[in-house]
Amino acid sequence: MPTEEPNYLAHAFKSQYNLIGLGTALGFAVLSGTLLPLIVAVGVDLVVLPLVSGSPRFQRLVRARVSHEEDQAAAERTQMEASEVLQLLPDSERQRYRALHGVTAEIRQNYKALDSTSQMLVEELVRKLDFLLSFYLRMRYSLVRYHSYFSTTDPERIQERMAMLDREMSAGPERVQQIKARTRQVLEKRLERYQKALENRQLVEAQTETVEEVLQLLRDQSYSMRDPRTITEQLDGLVSSAEDTERGVRDLEELMAIEKDALLPSGDDIEAELEAGRRASARGALPAASPAPRLREVPPTASSVPPRKKISQ
């Protein structure tokens, strides 16, 4: 994806030398009581700044500065995210990550003393190592989440409830059968999601172990190999495989979130719905009592009204 071209004119205006010149002109304008120094400075800017911003050398300098600032900001964000994720991991996972971080630090150190012609390859190597470290940390955190998911999900219980629904759907009112059929669809989705999560967990475990072993091998090779081009080529396949793995994990998480919103609630809510269906089935089996007829009230006739007694004073 191409990066956005910097605004060279704005960078030229905000440069240190231009701001110092404008500040000086403003000071002279205040001391002299006239705007002439400031007008002269603005006129010079209108002529000089377009020339400076169009210079290829200045443009290369601006691009390098912007790239450095973006890399520094990205590194700070990555470091902050890594610190937050590390706090959520158990001690054993933290130790594994710190050990792998030490391996990548050795690789960087061994290639740090190369000549200037190889520094561009070394920078590419460092970016790939940083990506693999971030990938490793995110995937180990995904394994922790998978463990929590598996500890609260029992596939055998889901299958038992599906079999129970199959038996109960053979009888009962049509409305109750529709509710049970819908509940069974939810259970089928949960079982499919469990199987997919199980496959993803195995894939993530294998991928993170591969990252550990490959980086250990590259650390050993870095003590004798002086050409960083070879090690970057070895990392290309690992980075591509890691990206595919992370994409699959992200797709599963999005799918799980969509299904959670689109389907019926799981767990105790399903049990409550089944219990409501059983009660509705029991009510449907009992004969409905006919409501008592409502009697029409007859207004009293004049003869039936008792005579009022006259009260004597």
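Here is a short chat about what the terms mean in this predicted model.

Tutor: Ground rules: the model is predicted, with local features needing pLDDT of at least 70, side-chain atom pairs counting only at pLDDT 80 or more, and totals for chains, interfaces and linings using all residues. Residues are numbered from 1 along each chain as its sequence is written, and side-chain values use heavy atoms, leaving out hydrogens and water.

Student: Why is threonine 153 called buried?

Tutor: Buried means under 20% relative accessible area, exposed means over 50%, and partly exposed is in between, with a 1.4 Å probe and protein chains only. Threonine 153 has 10% relative accessibility, so it counts as buried. This residue is in the loop between helix H6 (119-151) and helix H7 (155-168).

Student: And what does threonine 153 contact, leaving aside neighbours within four places in sequence?

Tutor: Ile158, Arg190 and Tyr194. Contact means heavy atoms within 4.5 Å. The side chain of threonine 153 also reaches the backbone oxygen of tyrosine 149 at 3.0 Å.

Student: Why is isoleucine 39 called exposed?

Tutor: Its relative accessible area is 55%, and the cut-off is over 50%, so isoleucine 39 is exposed. You'll find isoleucine 39 in helix H3 (residues 36-53).

Student: On to packing: how do you know whether H5 and H8 are roughly parallel or roughly antiparallel?

Tutor: Two packed helices are described by the angle between their axes and the distance between the axes. Axes are lines fitted to C-alpha atoms, for helices over the stretch in contact, and angles run from 0 to 180 degrees between N-to-C directions. The axes of H5 (residues 91-111) and H8 (residues 174-222) come within 9 Å and cross at roughly 30 degrees. Under 35 degrees is roughly parallel, over 145 roughly antiparallel, 65 to 115 roughly perpendicular and the rest oblique, so H5 is roughly parallel to H8.

Student: Which residues of H5 and H8 meet?

Tutor: In H5 they include Leu100, Val103 and Ile107, and in H8 they include Val211, Leu215 and Leu218. The residues of this contact divide into seven nonpolar, four polar and four charged. Nonpolar covers Ala, Val, Leu, Ile, Met, Phe, Trp, Tyr, Cys and Pro, charged covers Asp, Glu, Lys and Arg, and polar covers the others, Gly among them.

Student: What makes H7 roughly antiparallel to H8?

Tutor: Their axes are 10 Å apart and pack at about 155 degrees. That is over 145, so H7 is roughly antiparallel to H8. Residues meeting there include Ile158, Met162 and Leu165 in H7, with Leu187, Leu191 and Tyr194 in H8. This contact divides into seven nonpolar, two polar and seven charged residues.

Key: Helix = DSSP H or I, 4+ residues; strand = E, 2+ residues; numbered from the N terminus. Polar contact = N/O pair within 3.5 Å; in protein donor to acceptor, adjacent residues only side chain to side chain.
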